[in-house]
Amino acid sequence: MRIYRFLHENKEYFGAIKEGRVYPFPKSEISKDFDFSPSAQNLDIVCVNFLSPVSPSKIVCVGRNYAEHAAELGNEVPKTPLLFLKAPSALITDGDSIIIPEQSRQVEHEGELGIVISRECRKLTENDDPFDFVFGYICLNDVTARDLQRQDVQFTRAKSFDTFCPVGAFIETDLDVSDLLVQTRVNGVIKQDGRTSQMVFPVDFLIRYISNQMTLYPGDLIATGTPSGVSKLNEGDVCEVEIEGIGILSNPVSK
Ligand code: MG
């Protein structure tokens, strides 16, 4: 099911859409259980203002999680997941512009599967099922100023410019993510063409591992790494990230 976030009469809700009607539930009751019956509260789609579907306390990213991508940048595959944070202020959604900052001459796309956390997730053990803590999945573009990433010791600046975290318009809640196409196109030309089965550390491993480094809260976002084929974005380009079973995230690029 596709879950959206929106404002109605200045209140924030999550909700699903069916036949032009929006079925809301309060943000505090984030849930996959929907009542689509005629008696359930529902709103006309034209009466709501859609928001980016996630509002995370943090965006946890995984670097070099596809061997061919690590190799194309001259890096080894890490022995444990390489984690870094991206500022939530970088978030935009489908259709918004990726803005190339003055400081960079080499802004690149990184199409990735995003994981949205459903409930507090801390120190999971082998006995816990990490998928019990997943609300759903989202298309994500981990936009990166590659020149600044090479220049700095930490990735923070290169990864966190405003508009450097486009995410899709909705969260997909019902999905087997073990082997999905992750494809990125620039102006319709395929640049990245990987599968989630190529991840060095798969989704369940990542959630368990990250939960042992920091507490994950409802709505937190994990970017699971990018396949090979990253390339430069230029003003006027349109960058699309498509994930099988979710959909397409499309963003124009401007200065
Ligand atoms: Mg990345």
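**Exercises on a predicted model**

The structure holds 9 aromatic pairs. The model is a predicted one.

**Exercise 1.** Determine how the rings of Phe6 and Tyr13 are arranged.

*Solution.* A pair of aromatic rings is described by the distance of the centres and the angle of the planes. For Phe6 and Tyr13 the centres are 5.8 Å apart and the planes stand at 20°. Planes under 30 degrees apart count as stacked, so this pair is stacked. Finally, both residues belong to one aromatic cluster, formed by Tyr4, Phe6, Tyr13, Phe50 and Phe170.

**Exercise 2.** Identify the protein donors of the magnesium ion and state which parts of the chain Glu110 and Asp142 tie together.

*Solution.* Glu110 is buried at 4% relative accessible area, and Asp142 is buried at 1%.

**Exercise 3.** Is Ser231 buried or exposed, and which residue's side chain does the side chain of Ser231 join in a polar contact of 2.7 Å?

*Solution.* Ser231 lies in the loop between strand 18 (221-223) and strand 19 (238-243). Its relative accessible area is 16%; buried means under 20%, so Ser231 is buried. The polar contact of 2.7 Å links the Ser231 side chain to that of His109. Beyond four places away in sequence, the residues touched by Ser231 include Val107, Glu108 and Lys191.

Key:
Residues numbered from 1 in each chain as written. Predicted model: local features only at pLDDT ≥ 70, side-chain atom pairs only at ≥ 80, totals over all residues. Heavy atoms only, no water. Donors = N, O, S within 2.8 Å, 3.2 Å for Na, K, Ca; no water. Helix = DSSP H or I, 4+ residues; strand = E, 2+ residues; numbered from the N terminus. Buried < 20%, exposed > 50% of the residue type's maximum accessible area, 1.4 Å probe, protein only. Polar contact = N/O pair within 3.5 Å; in protein donor to acceptor, adjacent residues only side chain to side chain. Contact = heavy atoms within 4.5 Å. Phe/Tyr/Trp six-rings, centres within 6.5 Å; stacked < 30°, edge-to-face > 60°.
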